[in-house]
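Open the model in your viewer and keep the selection tool at hand. The stops below go from one selection to the next.

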There are 2 protein chains.
Amino acid sequence: MATETVENYLKAIFTLRKPGDEDARVPLGDVAGAVGVTPGTATTMVKKLAGEGLVRYERYGGVQLTVKGERAATAVLRRHRLIETFLVKTLGMDWSEVHEDAERLEHAVSDALLERLDRFLGRPSVDPHGDPIPDIDGRFREARVVPVGRCKAGSRVRLARVMDQSPEFLRFLDRNGLRIGSSVVVQSAEPGAGTLTLKVGGKMVTIALAAAGNLMASVAE
Amino acid sequence: MATETVENYLKAIFTLRKPGDEDARVPLGDVAGAVGVTPGTATTMVKKLAGEGLVRYERYGGVQLTVKGERAATAVLRRHRLIETFLVKTLGMDWSEVHEDAERLEHAVSDALLERLDRFLGRPSVDPHGDPIPDIDGRFREARVVPVGRCKAGSRVRLARVMDQSPEFLRFLDRNGLRIGSSVVVQSAEPGAGTLTLKVGGKMVTIALAAAGNLMASVAE
DNA sequence: GTGGAATCTTTGACGACTCAAAGATATCAT
DNA sequence: ATGATATCTTTGAGTCGTCAAAGATTCCAC
């Protein structure tokens, strides 16, 4: 229904909302940055979205999804994440290289196809990066996770989700055996050096605390 | 590289060429009809394609693919047919309902993804309708086929390809057990009634001779 | 509370693709 | 070979999404 461009704006607005503060208004500059257009373009487009009842918008006041807009956004996210799951799990593509393809395919799959894909994949609840896949009604079943940087030294936790999905970071995790589902022991943090050391499969891996904030572990262990 | 619209025009021109007369020029009216635009739009667009070296074009003289255009067209066809194969064989979709999805997806898959898909599917040489899938260099390995309407009465043949891919015809074939690969015995033709009767799996099925022209059997039995 | 600085909006324009309708050319039957 | 008809081309205009640059508003530091 919505055009590909519209879907991208809605997805951007959805994912730009601050965690915990979902009703806050997203600055248009952020939207422009996420979609990859100039601020003026974002303003024009957001006004159009408002006209279609997909967002609430006030001049100089940021933008906020309506219920209708949020539904559309979660539908796109569902398509994106199911497609990424398929590309990695079924076709064996690398989790650091599937984003582009998923970005394009997410606008091209019908509901019938998506339902088949969901069934084929066994109705997964998270994608290869650990991001939750909304169900067909747009509901998320988010597992409770916490950054490994916040875990107690000496505790054993299970990696559950990667928040920084840049190909470089993902490849770094790959190279060091840090995968979703891996069990790791959090070693000493070195606040001075700004690093944290993890033990995974007998090997020690040291990462920056900033990076450790983007690597989440499941809380229930 | 080429835009989605350009790919659709090239694919249309490629598939509109008369079998056996591949160097003939395709009338622009046919292109317009296949792409679903008005004749004026087709003229404008074909001139643009000519400017990009994808087709040869002369006013009032029809259009013809260049080598470059033909490469691009076969690449689209390859994507389309591999995707249809995936949708039917892997996801279990009906061969009468995959066309729309394939039409959209064919413009959204990367080379890397297509290579993975091809491997996953076991490098198929034909799609679910029996249409040959060009290899990565654009070469077709077409099996020799003949319309069942031309087969000798009493002969046993194997169904190999469906030229009329309208959902109605495909569903008719489904309902009557006429599938690609099925072995059928050609019974009597009734030129008066304009029908032909086939025996498949012990059951008799009568189809119009026109329809029998669109149902192909492999020659080597 | 005021004067930048940062952010957002408006404006005019453009490229890609499209249509409707008027005009040009080709084709075919007589 | 000459109209009538079918086909093709041109023209003018419209939509969608975009940008650059100028103008408006908000925010923050002092």
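For the residue classes used on this tour, Ala, Val, Leu, Ile, Met, Phe, Trp, Tyr, Cys and Pro count as nonpolar, Asp, Glu, Lys and Arg as charged, and the others, Gly among them, as polar. Keep in mind that this is a predicted model.

**Stop 1: the DNA side**

Select DNA strand D and the protein residues around it. There are 19 of them, and those that come nearest are Val37(A), Gly40(A), Pro27(B), Gly29(B) and Gly40(B). Now colour by element. Chain A gives two or more residues to this surface from each of α1 (4-16) and α3 (39-51), while in chain B the elements that do so are α2 (28-35) and α3 (39-51). Colour by class next: the surface near DNA strand D has 10 polar residues, 8 nonpolar and 1 charged.

**Stop 2: where the chains meet**

The contact involves 18 residues of chain A and 18 residues of chain B. On the chain A side, select α4 (67-90), α5 (99-105) and α6 (111-120), each of which supplies at least two residues. Which element gives the largest share of this side? α6(A) does, with 5 residues. Divided by class, the side of chain A that touches chain B holds 10 nonpolar, 5 charged and 3 polar residues.

Compare the two sides of the interface. Of the interface residues of chain A, 100% are also interface residues in chain B, so the copies meet through the same surface.

**Stop 3: the axis**

**Stop 4**

Select the strands β3, β8, β4, β5, β6 and β7 of chain A. In that order the 6 strands form an open sheet with antiparallel pairing. At the edges stand β3 (145-147) and β7 (203-208); each has a single partner strand, so one side of each is left without a neighbour in the sheet. From one strand to the next, the twist averages 45 degrees.

Finally, zoom in on one pair in chain A. Strand β5 (residues 183-190) and strand β6 (residues 195-200) run antiparallel and are joined by 5 bridges.

Key:
Residues are numbered from 1 along each chain as its sequence is written. Chains are lettered from A and ligands numbered from 1 in the order in which they are written. This is a predicted model: local features need pLDDT of at least 70, side-chain atom pairs count only at pLDDT 80 or more; totals for chains, interfaces and linings use all residues. Two residues are in contact if their C-beta atoms, placed from the backbone, lie within 7 Å. Helices (H or I, at least four residues) and strands (E, at least two) are DSSP runs, numbered from the N terminus. A residue is near a molecule or strand if its C-beta atom, placed from the backbone, lies within 6 Å of it. Two strands pair if DSSP finds at least two bridges between them. Axes are lines fitted to C-alpha atoms, for helices over the stretch in contact, and angles run from 0 to 180 degrees between N-to-C directions.
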